[in-house]
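Please describe the fold of this protein chain in a short report, with attention to the sheet, the nonpolar core and the aromatic rings.

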Amino acid sequence: MAIRKSNHKQSQTTVVIKQIVKRCSSLGKNKHGYQDQESGLPLDVPKGHFVVYVGENRSRYIVPISFLSRPEFQSLLHQAEEEFGFDHDMGLTIPCEEVVFQSLTSMLR
């Protein structure tokens with residue numbers, strides 16, 4: 001039965017990750033003129049990446065989508081969900097200090 005719970009949890013995580021990517025790719029469409037007119041995506045975010053906001057100052061970071069499958073990053077996503085939820089228009093906000101986020105992401109690259 002533990003396997004079923006694990007598979008169910010992985011399935012839930014996959015759904016949440018897909019929702020995050022969809023939300024991140026549709027944030028701020030054409031509000032400030034820095035989005036591609038056809039796709040609505042920010043011009044400074046390369047394909048295969050998404051934006052997160054980190055730390056007290058909500059510094060903006062562009063990270064590869066591949067990070068979403070890493071357990072270390074998923075832990076940050078779970079913390080973000082608990083603290084902020086995913087049902088808001090602020091973008092994906094990661095609740096940790098910038099130096100911790102930078103250290104983690106440098107290890108994931």
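## Sheet, core and rings

V51 stands opposite I62 in β2, where strands (E, at least two residues) and helices (H or I, at least four) are DSSP runs numbered from the N terminus. This is a predicted model, in which local features need pLDDT of at least 70 and side-chain atom pairs count only at pLDDT 80 or more, whereas totals for chains, interfaces and linings use all residues. Residues are numbered from 1 along each chain as its sequence is written, and side-chain values use heavy atoms, with hydrogens and water left out.

**The chain and its sheet**

The secondary structure of the protein chain comes to 3 helices and 3 strands, and along the sequence these follow the pattern α-β-β-α-β-α. The 3 strands form an open sheet in the order β2-β1-β3, with mixed pairing; two strands are taken to pair if DSSP finds at least two bridges between them. Because β2 and β3 (93-94) stand at the edges with a single partner strand each, one side of each is left without a neighbour in the sheet. Between β1 and β2 the pairing is antiparallel, over 6 bridges, and one of the bridge partners here is V63 in β2, which faces F50. By contrast, β1 and β3 run parallel and are joined by 2 bridges, with I94 in β3 as the bridge partner of V54.

The strands β1 and β2 form a hairpin with 4 residues between them, and G55 in the turn has a positive phi of about 80 degrees. R58 lies in the loop between β1 (49-54) and β2 (59-64), and the phi of R58 is near 55 degrees, a positive value in a residue other than glycine. R58 is partly exposed, with a relative accessible area of 34%, on a scale where buried means under 20%, exposed over 50% and partly exposed in between (1.4 Å probe, protein chains only).

T93, whose place is in strand β3, is buried at a relative accessible area of 3%. Leaving aside neighbours within four places in sequence, T93 is in contact (heavy atoms within 4.5 Å) with Y53, R58, A80 and F84.

**The nonpolar core**

Helix α3 (residues 98-108) lies across β1, β2 and β3 and runs at about 15 degrees to β2; the axes are lines fitted to C-alpha atoms, for helices over the stretch in contact, and angles run from 0 to 180 degrees between N-to-C directions. The largest nonpolar core has 16 residues, and those with the most contacts inside it are V52, V63, F73, I94 and F101. Such a core is a set of buried Ala, Val, Leu, Ile, Met, Phe, Trp, Tyr and Cys residues joined through side-chain atoms within 4.5 Å. At least two residues of this core are supplied by each of β1, β2, α2 (71-84) and α3.

F101 is buried, with a relative accessible area of 1%. Apart from neighbours within four places in sequence, F101 is in contact with V52, V54, Y61, V63, F73, L76, I94 and C96.

**Aromatic pairs**

A search of the whole structure finds 4 aromatic pairs, and two of them are set out below. Rings of Phe, Tyr and Trp (its six-membered ring) pair if their centres lie within 6.5 Å; planes under 30 degrees apart count as stacked, over 60 as edge-to-face and the rest as tilted.

| Pair | Centre to centre | Angle between planes | Type |
|---|---|---|---|
| F50 and F73 | 6.2 Å | 85 degrees | edge-to-face |
| Y61 and F101 | 5.1 Å | 55 degrees | tilted |

F50 lies in strand β1 and F73 in helix α2, so their pair ties together parts that are 23 residues apart in sequence; both residues are buried. Y61 lies in strand β2 and F101 in helix α3, so this pair ties together parts that are 40 residues apart in sequence, and Y61, at 17% relative accessibility, counts as buried. Ring pairs link F50, Y61, F67, F73 and F101 into a cluster.

**The chain as a whole**

Of the 109 residues of the protein chain, 32% count as buried. Among contacts with a separation of 6 or more, residues 24 or more positions apart account for 47%.
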